[in-house]
Amino acid sequence: MEIPKSHPRYLSLTTREKLVKGVREGLAVLEGLIAHGRGEAFDYILGEKSHDFALEAERAAVALMKLAEHPVISVNGNAASLVAEELVELSKTLNAPLEVNIFHYSKERVEKIAKKLEEFGGTVYYRGDAVLEGIDHARRIVDSRGILKADVVLVPLEDGDRCEILKKHGKKVIAIDLNPLSRTARMADITIVNNITRAIPEMIKFAKEITKEEAKEVLRNYDNKTVLKRAIEAIREHLTKMAEDVMNA
């Protein structure tokens with residue numbers, strides 16, 4: 001549908017349309033729409049903006065990937081529907097290949113997601129020739145050149161159980177998760193509490209600016225628990241302000 005730019009919820013509605021299109025194209029699944037709605041609710045109560053704690057986490061994430069030997073960016077259907085081109089640019093900037101990894105698995109959907117990323121020139125792993133031990137569902141299917149080998153994995157829009165298993169396999173995990181209370185957010189080494197549509201472009205900018213020496217300093221000063229605490233406090237403060245606005249209206 002045609003959404004006028006004057007609409008007060010223009011960005012939110014255009015994002016939803018991208019996901020609906022992703023479902024129609026076979027990239028995303030209906031369950032992914034439900035997951036997006038949950039995240040959007042947290043984005044709303046965070047004020048729908050990139051907070052300083054999110055920018056700090058994004059910078060740390062870029063630093064960690066820059067210093068990694070084998071960084072990999074995991075991509076699911078929602079991520080491919082929303083920021084395929086941006087993920088490819090981040091991948092190229094950080095020399096971190098993309099790997100398709102999905103919960104609702106079908107070979108056809110994996111290939112469609114990979115093709116979408118390849119259209120923008122991405123290096124994409126998706127042959128699924130290895131298994132990540134400890135997971136009973138389809139996210140265990142990985143590429144031996146990618147997630148299985150990786151020392152750092154960026155997992156936008158993640159589920160908590162795979163995050164836990166990645167950690168048990170000795171990998172550093174970077175999560176993009178609007179819910180600072182989730183298992184993924186609490187288990188990840190770096191948690192970016194931000195909308196993926198803002199986070200990835202911001203990470204591209206950081207990736208082009210930061211040097212390896214600066215990256216070491218950034219990581220020395222980073223504390224993920226503090227970031228999560230600040231995110232929860234930001235939710236409280238925003239809700240308090242909204243309550244005051246209601247009373248003063």
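1. Helix axes are taken here as lines fitted to C-alpha atoms over the stretch in contact, and angles run from 0 to 180 degrees between N-to-C directions. In these terms, helix α1 (residues 10-24) packs on helix α2 (residues 30-45) at an angle of about 160°, and their axes are 9 Å apart. Angles over 145 degrees count as roughly antiparallel, and α1 and α2 are therefore roughly antiparallel to each other. The model under discussion is a predicted one.

2. The crossing in which α1 passes α2 is right-handed. On the α1 side, the contact is made by Ser12, Thr15, Arg16, Leu19, Val20 and Val23, and on the α2 side by Leu30, Leu33, His36 and Glu40. Sorted by class, the contact of α1 with α2 comprises 5 nonpolar, 3 polar and 2 charged residues.

3. The sheet may be considered next. It is open and is formed by 6 strands in the order β3-β2-β1-β6-β7-β8, with parallel pairing. Its edges are β3 (124-125) and β8 (190-192), each of which pairs on one side only.

4. Strand β1 (residues 71-75) has 5 of its 5 residues buried, so β1 is largely enclosed by the rest of the structure. Pro71, Ile73 and Val75 point one way from the strand, Val72 and Ser74 point the other way, and all are buried.

5. The pairings of β1 are as follows. With strand β2 (residues 98-100), β1 pairs in the parallel sense over 3 bridges; Ser74 stands opposite Glu99 of β2. With β6, the pairing of β1 is also parallel and runs over 3 bridges. Val72 has Val153 as its bridge partner in β6.

6. Strand β6 (residues 152-156) is joined to strand β7 (residues 172-176) by 5 bridges, and the two run parallel. Leu154 is partnered in β7 by Ile174.

7. Is β7 enclosed by the rest of the structure or open to the outside? Of its 5 residues, 4 are buried, so β7 is largely enclosed. Its pairing with β8 is parallel and extends over 3 bridges, with Ile176 standing opposite Ile192 of β8.

8. Helix α8 (residues 196-209) lies across β6, β7 and β8 and runs at about 125° to β7. Helix α8 also packs with helix α4 (residues 77-94), at an angle of about 10° and with the axes 9 Å apart. Angles under 35 degrees count as roughly parallel, and α4 and α8 are therefore roughly parallel to each other.

9. Which residues make the contact of α4 with α8? From α4 they are Ala79, Leu82, Val83, Glu86, Leu87, Glu89, Leu90, Thr93 and Leu94. From α8 they are Ile196, Thr197, Ile200, Pro201, Met203, Ile204, Ala207 and Lys208. The residues of this contact divide into 12 nonpolar, 2 polar and 3 charged.

10. Helix α3 (residues 52-67) packs with helix α9 (residues 212-220) at an angle of about 125°, and their axes are 9 Å apart. That angle makes α3 oblique to α9. The crossing of α3 past α9 is left-handed.

11. The contact of α3 with α9 involves Arg59, Ala60, Ala63, Leu64, Lys66 and Leu67 of α3, together with Lys212, Ala215, Lys216, Val218 and Leu219 of α9. By class, these residues divide into 7 nonpolar, no polar and 4 charged.

12. One further residue is noted individually. Met242 has its place in helix α10 (residues 224-248). At 27% relative accessibility, Met242 counts as partly exposed, the cut-offs for that class being 20% and 50%. The C-alpha atoms of Met242 and Ala188 are separated by 30 Å, and these residues are 54 apart along the chain.

Conventions
Residues numbered from 1 in each chain as written. Predicted model: local features only at pLDDT ≥ 70, side-chain atom pairs only at ≥ 80, totals over all residues. Heavy atoms only, no water. Pairing = 2+ DSSP bridges. Contact = heavy atoms within 4.5 Å. Parallel < 35°, antiparallel > 145°, perpendicular 65-115°, else oblique. Left-handed = near helix turned anticlockwise from the far one by under 90°. Nonpolar A, V, L, I, M, F, W, Y, C, P; charged D, E, K, R; others polar. Buried < 20%, exposed > 50% of the residue type's maximum accessible area, 1.4 Å probe, protein only.
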